[in-house]
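Hi,

Here is the model I promised to send over. Have a look at it first, and then read on for what turned up.

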Amino acid sequence: AINEGFDHAWSAIVDTHVHLANERAALIDQLQHKAYYGAAAVTSLGQDGGDLPFQVRSEVIPGAALFRTAGRGITSPEPGRSEVPYWVKSEAEARKAVQELAARKVDLVKIWVDDRDGKYQKLSPAIYRAVIDEAHKNKLRVTAHIFGLEDAKDLLRAGIDGFAHGVRDKDVDDEFVALIKKRPDVFLVPNLPDPGVAADLSWLSATVPDAELKKMQAAATDRPAAQQAFGIQARNLARLNKEGVR
């Protein structure tokens with residue numbers, strides 16, 4: 001955000017993909033930490049149950065980032081993972097979930113289209129098309145957690161409004177670029193992973209507690225698998241940025 005109406009301009013980060021606490025004191029503490037590090041607002045994507053997120057969203061809390069929420073996200077059943085999202089098994093259940101989210105005036109709708117390394121049945125095209133259709137009827141945008149290129153392509157054909165991750169299984173191809181460029185309002189949240197390289201993190205010593213910094217430094221090692229995963233997403237981000245994708 002840039003403000004030119006005063007004697008000086010100011011800018012701030014908007015953190016567009018977070019999952020934060022579901023207890024008030026902890027949530028406010030996290031929002032204050034976000035503001036301390038330069039984020040004026042955050043968008044919480046799909047793990048917010050109950051009334052608290054909507055109460056906090058309506059407040060302006062001193063020293064804290066503004067809070068925006070997708071409420072409960074929508075996914076296929078994922079036993080063993082979070083039970084906050086809607087677990088839907090039919091188009092009717094998907095539409096009902098969107099209607100409930102619309103009644104709560106969520107800021108957008110979050111879906112997961114991912115089999116979690118083969119552990120679960122992926123949200124089907126018929127169901128995510130129902131989600132997108134119902135959301136658009138209620139003037140809501142839909143953002144998708146994705147992993148694979150082919151899912152990303154079909155979501156674009158289905159009318160998705162944004163991606164909560166970049167494509168992570170392979171480099172994007174010309175077909176994907178053409179599909180996303182046809183939709184100039186579609187947004188991408190890169191959400192880049194750990195690059196997996198050794199690094200000197202001492203520059204963080206002024207703002208990160210010693211114990212936490214030690215953990216971070218110990219983890220900052222060369223990891224080829226992480227480097228490969230980062231490389232795919234970094235190349236995809238660079239290409240899409242060059243192509244003018246939002």
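This is a predicted model: local features need pLDDT of at least 70, side-chain atom pairs count only at pLDDT 80 or more; totals for chains, interfaces and linings use all residues.

Ile 146 is buried, with a relative accessible area of 1% (buried means under 20% relative accessible area, exposed over 50%, and partly exposed in between, with a 1.4 Å probe and protein chains only). You will find Ile 146 in strand β7; helices (H or I, at least four residues) and strands (E, at least two) are DSSP runs, numbered from the N terminus. Leaving out residues up to four places away in sequence, Ile 146 touches Val 113, Ala 152, Leu 155, Phe 163, His 165, Gly 166, Val 167 and Arg 168, where contact means heavy atoms within 4.5 Å.

Residues are numbered from 1 along each chain as its sequence is written, and side-chain values use heavy atoms, with hydrogens and water left out.

Now the cores. A nonpolar core here is a set of buried Ala, Val, Leu, Ile, Met, Phe, Trp, Tyr and Cys residues joined through side-chain atoms within 4.5 Å. The largest one has 39 residues, and those with the most contacts inside it are Ile 74, Val 109, Ile 111, Leu 155, Ile 160, Phe 163 and Phe 176. At least two residues of this core come from each of α3 (91–103), β6 (109–113), α4 (125–137), β7 (142–146), α5 (149–158) and α6 (174–181). There is also a second, separate core of 13 residues, with Val 18, Ile 28, Val 56 and Phe 67 among them. As background, nonpolar side chains in soluble globular proteins tend to be buried together.

Next, how do the helices pack? For what follows, axes are lines fitted to C-alpha atoms, for helices over the stretch in contact, and angles run from 0 to 180 degrees between N-to-C directions. Angles under 35 degrees count as roughly parallel, over 145 as roughly antiparallel, 65 to 115 as roughly perpendicular and the rest as oblique. A crossing is left-handed if the near helix is turned anticlockwise from the far one by less than a right angle, and right-handed if clockwise.

- α3 and α4: their axes come within 8 Å and cross at roughly 30°, which makes α3 roughly parallel to α4. The crossing is right-handed. On the α3 side the contact includes Ala 94 and Val 98, and on the α4 side it includes Ile 127 and Val 131.
- α4 and α5: the angle is about 40°, with the axes 10 Å apart, so these two are oblique to each other. This crossing is right-handed. The contact is made by Pro 125, Tyr 128, Arg 129 and Ile 132 of α4 and Asp 151, Asp 154, Leu 155, Arg 157 and Ala 158 of α5.
- α5 and α6: the axes come within 10 Å and cross at roughly 30°, so the pair is roughly parallel. Here the crossing is left-handed. Leu 149, Ala 152, Lys 153, Leu 156 and Arg 157 of α5 meet Glu 175, Phe 176, Leu 179 and Ile 180 of α6.

Which residues of α6 are buried? They are Phe 176, Val 177, Leu 179 and Ile 180. These residues cover an arc of only 165° around the axis, so they sit on the same side of α6 (the arc is that of the directions from the helix axis to the C-beta atoms). They pack against α5, β8 (162–163) and α8 (224–242).

Finally, some loop residues. Ser 124 is in the loop between β6 and α4 and counts as partly exposed at 25% relative accessibility. Lys 139, in the loop between α4 and β7, has a positive phi of about 60° although it is not a glycine, and Lys 139 is exposed at 77% relative accessible area.

Cheers
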